[in-house]
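Open your viewer and load the model. Keep the selection tool at hand.

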Amino acid sequence: MAPKVIVSTKAFTTVTPTGAPATVVLSNEGTIASIEAGVKPASAFPDLKDGEYLDLGDLWLLPGLVDAHVHLNEPGRTEWEGFATGTSAAASGGVTTVIDMPLNAIPPTTTVPNFKEKMDASVGKCRVDVGFWGGVIPGNENDLVPLSKAGVKGFKCFLIESGVDEFPAVNEEEVLKAMPLIASEDSLFLFHAELDITPEHTIPPAADTDLSHHTHTPSSPPTSYSTFLSSRPPALEESAIALILRCAAKHPTLKTHIVHLSASSAIPALRSARAAGTKISVETCFHYLCLTAEQIAKGETLYKCCPPIRESLNREALWKGLLDGDIDFVVSDHSPCTVELKRLEEGDFMKAWGGIGGLGLGLSLLWTEAARRRVGMERVLQWVAERPAKQVGLEGKKGSLVVGGDADWVVFDPTLEFKVDKSELHFKNRASPYEGLLLKGAVLSTYLRGEKIFDRTSGFKELGAPRGQLLL
């Protein structure tokens with residue numbers, strides 16, 4: 001029996017935003033009917049059936065999270081990830097909405113027929129709600145407005161090689177072609193902000209595999225993380241952001257966004273642009289806030305991603321940017337691959353696929369680090385729920401416990417400690433740089449429109465068919 005009334009002594013709702021006792025009543029349609037401060041007893045609801053009143057006690061009641069940067073890779077690369085496994089991983093971490101990136105599926109989401117093929121592939125597989133980003137690649141400018149009308153939430157491009165042949169990078173001229181079209185739809189233009197400003201072929205792609213044909217001969221051992229880190233310096237992000245701001249200034253109504261900011265040195269330019277009126281937002285990732293270059297041992301290629309995990313001083317500067325409001329929210333950038341493509345046996349950072357597997361661990365990762373810094377859950381929820389929901393046009397429906405919004409909610413134990421092992425990983429290729437970390441705070445159960453979609457004890461057993469919907 002699905003609960004109709006939930007009470008908690010620590011509920012994070014729009015009525016109790018900093019966490020306080022509250023009573024949340026759900027409608028029969030899977031939305032939130034009412035929220036009242038204080039805990040009402042079951043006797044106040046005489047018409048409830050057994051099991052429809054849920055008292056969480058001192059466990060925390062949180063809104064479902066929104067992860068706006070996930071690679072589900074279906075169709076085409078389902079050996080890497082898929083809708084079923086990816087959304088299951090999301091549910092295990094309290095994420096009730098994901099926005100899928102236009103790559104690394106085959107075909108990419110760069111035309112309406114490709115988009116339809118992706119949506120068709122998702123049918124009956126999604127445990128959480130799924131929205132989609134479209135892609136900007138050379139020559140697809142005539143596809144952008146149709147894609148927007150078909151329901152994509154915005155458009156992503158690369159300013160540097162993506163690592164997959166079917167999603168090539170765009171140059172400044174192509175960016176300027178796309179901008180007015182995206183602005184005309186009041187849509188959002190997202191940038192992978194690295195720009196190769198060095199002589200040709202000196203910057204390695206995301207992976208030197210059969211998916212990416214450039215070669216690179218490092219001057220230091222390819223098994224050393226410092227070799228890879230020095231090949232993707234902060235200057236690549238800084239130069240890309242300079243290009244983006246230069247182009248955005250020509251289209252002042254356009255909303256732009258920097259995905260996965262890694263280099264804290266780029267924050268001052270972004271801050272200045274915002275102060276001057278540029279409509280630009282910024283995300284960073286759990287791995288940049290929780291991991292550091294110093295901890296990456298020889299050959300530990302699970303840590304490779306682009307842009308890279310940088311030094312501890314950079315991590316602290318990113319935290320400052322987040323707390324100061326220069327960075328808007330935090331995402332997983334879950335970008336998995338097969339274990340073979342990580343080249344673990346040879347430990348070659350220059351040839352391994354660049355991407356982090358970690359979907360489902362984000363809330364625990366961020367809460368562990370936030371608690372160390374005496375940052376409250378209300379701030380964390382802004383970064384992983386409220387602001388990303390607003391970014392993709394779902395404010396009032398997703399990302400907060402608000403009357404009229406979807407009844408997407410999470411039961412969270414803020415004190416439960418656990419060590420990350422493979423049993424905590426629910427995505428397809430269960431390998432992650434987070435394995436071995438001791439985290440504090442765990443999702444006990446996740447609900448989508450009032451129905452349980454994950455239970456920490458029993459997993460996905462006896463929870464029925466996937467209930468996720470497409471958000472168009």
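**Before you start.** The model is predicted: local features need pLDDT of at least 70, side-chain atom pairs count only at pLDDT 80 or more, and totals for chains, interfaces and linings use all residues. Residues are numbered from 1 along each chain as its sequence is written, and side-chain values use heavy atoms, with hydrogens and water left out.

**Stop 1: the whole protein.** Show the cartoon. It has eleven helices and 17 strands. Helices (H or I, at least four residues) and strands (E, at least two) are DSSP runs, numbered from the N terminus. Now show the C-alpha trace. Along its principal axes it spans about 75 × 50 × 40 Å.

Next, colour by burial. Buried residues make up 60% of the 472. Buried means under 20% relative accessible area (1.4 Å probe, protein chains only).

**Stop 2: the largest nonpolar core.** Select L159, F189, L261 and M377. Of the 117 residues in this core, these four touch the most other members. A nonpolar core is a set of buried Ala, Val, Leu, Ile, Met, Phe, Trp, Tyr and Cys residues joined through side-chain atoms within 4.5 Å. Then select V24, I35, L401 and W409. They are among the 14 residues of a second, separate core.

Go back to F189. Which residues is F189 in contact with, leaving aside its neighbours within four places in sequence? Among them are V136, F155, C157, M179, L254 and H257. Contact means heavy atoms within 4.5 Å.

**Stop 3: helix α1.** Select residues 83-92. Is this helix mostly covered or mostly uncovered? Mostly covered: eight of its ten residues are buried. The buried ones include F83, G86 and S92. To see what covers them, show elements including β7 (95-100), α2 (112-122) and β16 (438-448). After α1 comes G94, whose phi is positive, near 80°.

**Stop 4: T109.** Select T109, in the loop between β7 and α2. Is T109 buried or exposed? T109 is buried, with a relative accessible area of 0%. Show its surroundings, not counting residues up to four places away in sequence: T109 touches P102, F115, K118, W133, G134, G135, L147 and V152.

Conventions. Buried < 20%, exposed > 50% of the residue type's maximum accessible area, 1.4 Å probe, protein only.
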